[in-house]
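Here is a predicted model to read with a few pointed questions. Each answer sets a value against a cut-off.

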Amino acid sequence: MSIPFWCIFISAILIFIAKAPVARAMAKEADGHYDNHHPRAQQGRLSGFGARALAAHMNSFEAFPLFAVGVLMAHVTNNHGVLVDVLAITFVVARMLYLFFYWADLHWQRSMVWVIGLFCSLLLMLTPVL
């Protein structure tokens, strides 16, 4: 499997890794347990770290399709090589940092790596014309 395809796989796994802190925050909520009957309602009550963890998790879902499409566009147009590999790896690293920065409430750093990830996805889409 190619490096960009591995990066799609890792990015998909990151979505679910990002859920772990949300579940932990939900378990620590005021009533002291994870409400598996009404998890969305419980998530809506999260604040502080829990709310940031939920936002990071949801943003992981939002960022994934654009990246996956970018990799697939590069692949189906036969654009392989260092540029595609570097863009895919950079996206994954940016998303890992994004999660960490969101959890740590480092807002401008989070925004910076979000933009880097977005540019990687868009540049992957443009590799057929680069």
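Q: What makes up the nonpolar surface patch of about 900 Å²?
A: Ten names belong here: L66, L83, W114, V115, F119, L122, L123, L126, V129 and L130. Helix α6, residues 107-126, gives the most to the patch, with six residues.

Q: Why is L130 called exposed?
A: Exposed means over 50% relative accessible area. L130 has 63% relative accessibility, so L130 counts as exposed. L130 lies in the segment after α6.

Q: How do you know that the span of α6 is close to the expected one?
A: The expected span is 1.5 Å times one less than the number of residues. For α6, with 20 residues, 28 Å is expected. From first C-alpha to last, α6 reaches 29 Å, which is close to that.

Q: Which residues of α6 are buried?
A: They are Q109, R110, V113, G117, C120, S121, L124 and M125.

Q: Why do we say that the buried residues of α6 line one face of the helix?
A: Look down the axis of α6. The buried residues fall within an arc of 160 degrees, so they line one face.

Q: What covers the buried residues of α6?
A: The cover includes α4 (49-76) and α5 (82-103).

Q: Why is Q43 called buried?
A: Buried means under 20% relative accessible area. Q43 has 8%, so Q43 is buried. Q43 is found in helix α3, residues 39-44.

Q: What is Q43 in contact with, leaving aside its neighbours within four places in sequence?
A: Q43 is in contact with K19, V22, M26 and L54.

Conventions
Residues are numbered from 1 along each chain as its sequence is written. This is a predicted model: local features need pLDDT of at least 70, side-chain atom pairs count only at pLDDT 80 or more; totals for chains, interfaces and linings use all residues. Side-chain values use heavy atoms; hydrogens and water are left out. Patches are made of residues with over 30% relative accessible area and no salt bridge: like charges are joined within 9 Å, nonpolar side chains (Val, Leu, Ile, Met, Phe, Trp, Tyr) within 5 Å. Accessible areas come from the Shrake-Rupley method with a 1.4 Å probe; for residues, only the protein chains shown count as cover. A salt bridge is a side-chain nitrogen of Lys or Arg within 4 Å of a carboxyl oxygen of Asp or Glu. Helices (H or I, at least four residues) and strands (E, at least two) are DSSP runs, numbered from the N terminus. Buried means under 20% relative accessible area, exposed over 50%, partly exposed in between (1.4 Å probe, protein chains only). The arc is that of the directions from the helix axis to the C-beta atoms. Contact means heavy atoms within 4.5 Å.
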